Amino acid sequence: MCNVQEATKQLLDVNLHENWRANQVTESGPRSESEHLQVTIGATVPTGFEQTAAAEVREKLGSSCKISKDRGKIYFDISVESLAQVHCLRSVDNLFVVVKEFKDYQFKETKEEVLKDFEELAGKLPWSDPLKVWKINTSFKKKKIKTHKKINQNSGREKIDNGQGDKTDEKEDKKGFTNNTLDSHILDYYENPAIKEEISTLVGDDLASSKDEKDEKEETHPKVLKFRVTCNRAGEKHCFSSNEAARDFGGAVQDYFKWKADMTNFDVEVLLNIHDNEIVVGIALTEERLHRRNITHFGPTTLRSTLAYGMLRLCAPQPTDIIVDPMCGTGAIPIEGSTEWSNCYHIAGDNNPLAMNRAANNISSLLTKSQIKEGKVSWSLPIDAVQWDICNLPLRTGSVDIIVSDMPFGKRMGSKKRNWNLYPACLREMSRVCKPGTGRAALLTQDKKCFTKALSGMGHVWRKVHTVWVNIGGLHAAVYLLKRTPQAFVHPSEQDGERTPW
């Protein structure tokens with residue numbers, strides 16, 4: 001840790017200590033109540049990877065996790081102190097705090113009665129604690145936006161300002177910290193270098209932004225919040241539509257809180273999730289999906305980072321593993337891998353020069369983000385990009401531990417006719433470079449018929465371990481987890497006395 005970071009940490013410790021002493025006298029009640037507030041968090045995840053997301057929650061948060069009957073959702077209980085950790089989960093797309101869950105809601109027989117019940121429901125829900133969590137979450141997001149602005153201003157300088165300022169600024173910022181103890185606690189957690197997120201400069205930049213803090217304090221006029229209600233409904237026995245439920249429930253929420261309805265520029269998004277007889281009311285904690293975290297240059301079939309994480313996690317990467325994506329496209333899988341499994345070596349490859357150009361730009365953006373996060377110049381990441389032919393990889397036989405790839409579906413990229421020749425050739429070449437006995441592969445495809453046929457002819461080198469059914473943009477696809485058999489690879493050309501150069 002550099003001297004600036006150490007000074008920032010020491011100053012933060014002083015402020016936290018002063019906050020603790022002050023709150024013991026003046027705010028001991030409210031602070032204690034907020035710190036020990038227990039809430040239920042809901043998260044949307046890639047369909048089919050609910051178990052993977054639940055395992056990550058148990059591993060990183062130590063919380064038990066419930067998988068919803070509505071595919072693609074999980075629920076877990078946390079204290080408000082863990083809110084920052086929740087935003088660092090790699091397998092979740094969206095987050096929301098649960099207001100109330102009805103496991104067996106009894107719908108009336110007519111539409112009018114059901115919609116009337118929705119109107120009455122708004123005034124009976126326990127909004128208090130979830131709104132406290134929303135307020136804390138919103139306060140943190142404002143600080144993070146401010147940090148990103150500061151980073152953009154300083155990105156062209158040789159030395160990144162990590163919070164250095166004069167003594168007057170530090171004194172003013174000490175007051176700012178005292179006014180919001182819980183935010184300081186969250187920011188202190190984000191200073192933990194073990195959290196691999198773009199937030200290592202958050203506290204330092206916050207200390208250097210006293211002017212912005214003072215401007216915010218001057219806005220003393222009460223603000224009327226804008227809101228919208230989003231209804232997600234699944235089930236065939238409902239006599240109402242999603243729009244009707246959102247309209248009537250939203251009208252009741254507006255009457256109860258006196259908020260202003262706004263479908264686009266809203267502050268609060270209230271969620272009404274209905275799955276058969278199960279209803280969950282929540283408040284959204286994310287405005288933009290968390291899977292848009294690493295990619296800056298998108299292609300026609302860019303894979304979501306959350307799905308890439310799930311596929312990598314299926315293969316259980318170990319330190320020093322060599323992980324290859326031979327059809328990387330924009331590089332979503334190896335980029336996610338180098339971020340989460342930095343003790344492995346990742347290789348991104350594709351035969352399309354446009355795709356490789358996008359992948360190289362995305363890797364460059366990741367390197368820049370890594371330099372900002374570390375606060376120092378870094379010239380390398382455990383990732384390389386190579387343009388190659390998938391059927392003739394420039395890799396030695398048995399040199400790769402893990403292969404993870406999003407194969408062409410034959411719709412936006414390639415064709416189903418070409419897949420009948422491409423898939424067998426790909427599986428054969430992958431079996432050559434993958435280590436016999438210990439190698440594994442996670443391959444995503446929507447062309448299940450073609451893949452199953454190709455795999456049936458490779459039983460001597462590949463064994464199917466598990467299949468995860470996923471939904472990719474409305475397409476029913478599958479992730480096949482394969483294990484490399486101990487049998488050594490024999491190239492067909494060797495039967496004619498020829499040998500490959502690798």
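The chain contains 16 helices and 15 strands, where helices (H or I, at least four residues) and strands (E, at least two) are DSSP runs numbered from the N terminus. The model is predicted, so that local features need pLDDT of at least 70 and side-chain atom pairs count only at pLDDT 80 or more, whereas totals for chains, interfaces and linings use all residues. Residues are numbered from 1 along each chain as its sequence is written, and side-chain values use heavy atoms, with hydrogens and water left out.

Of the 502 residues in the chain, 50% are buried (under 20% relative accessible area, with exposed over 50% and partly exposed in between; 1.4 Å probe, protein chains only). The accessible surface of the chain is about 25000 Å², and carbon and sulfur atoms contribute 49% of this surface; accessible areas come from the Shrake-Rupley method with a 1.4 Å probe, and for residues only the protein chains shown count as cover. Among contacts (heavy atoms within 4.5 Å) with a separation of 6 or more, 78% are between residues 24 or more positions apart.

Helix α11 comprises 16 residues (242-257), which should span 22 Å at 1.5 Å a residue; the end C-alpha atoms are 22 Å apart, in agreement. The expected span is 1.5 Å times one less than the number of residues. Buried positions in α11 are Ser242, Glu244, Ala245, Ala246, Asp248, Phe249, Gly250, Ala252 and Val253. These buried residues pack against α5 (111-121) and the strands β5 (226-234), β7 (268-275) and β8 (278-284). Lys258, with a positive phi near 65°, follows α11.

Aromatic pairs number 14, counted for rings of Phe, Tyr and Trp (its six-membered ring) with centres within 6.5 Å; planes under 30 degrees apart count as stacked, over 60 as edge-to-face and the rest as tilted. One of the pairs, Tyr105 and Phe118, is stacked, at 6.3 Å centre to centre and 25° between the planes. Tyr105 lies in the loop between β4 (94-102) and α5, and Phe118 in helix α5, so the pair ties together parts 13 residues apart in sequence. Both partners are buried, Tyr105 at 13% relative accessibility and Phe118 at 0%. Phe107 and Phe240 form a tilted pair, with 5.7 Å centre to centre and 40° between the planes. This pair links distant parts of the chain, 133 residues apart: Phe107 is in the loop between β4 and α5, and Phe240 in the loop between β5 and α11. Phe240 is buried, with a relative accessible area of 4%. Ring pairs join Phe102, Tyr105, Phe107, Phe118 and Phe240 into a cluster.
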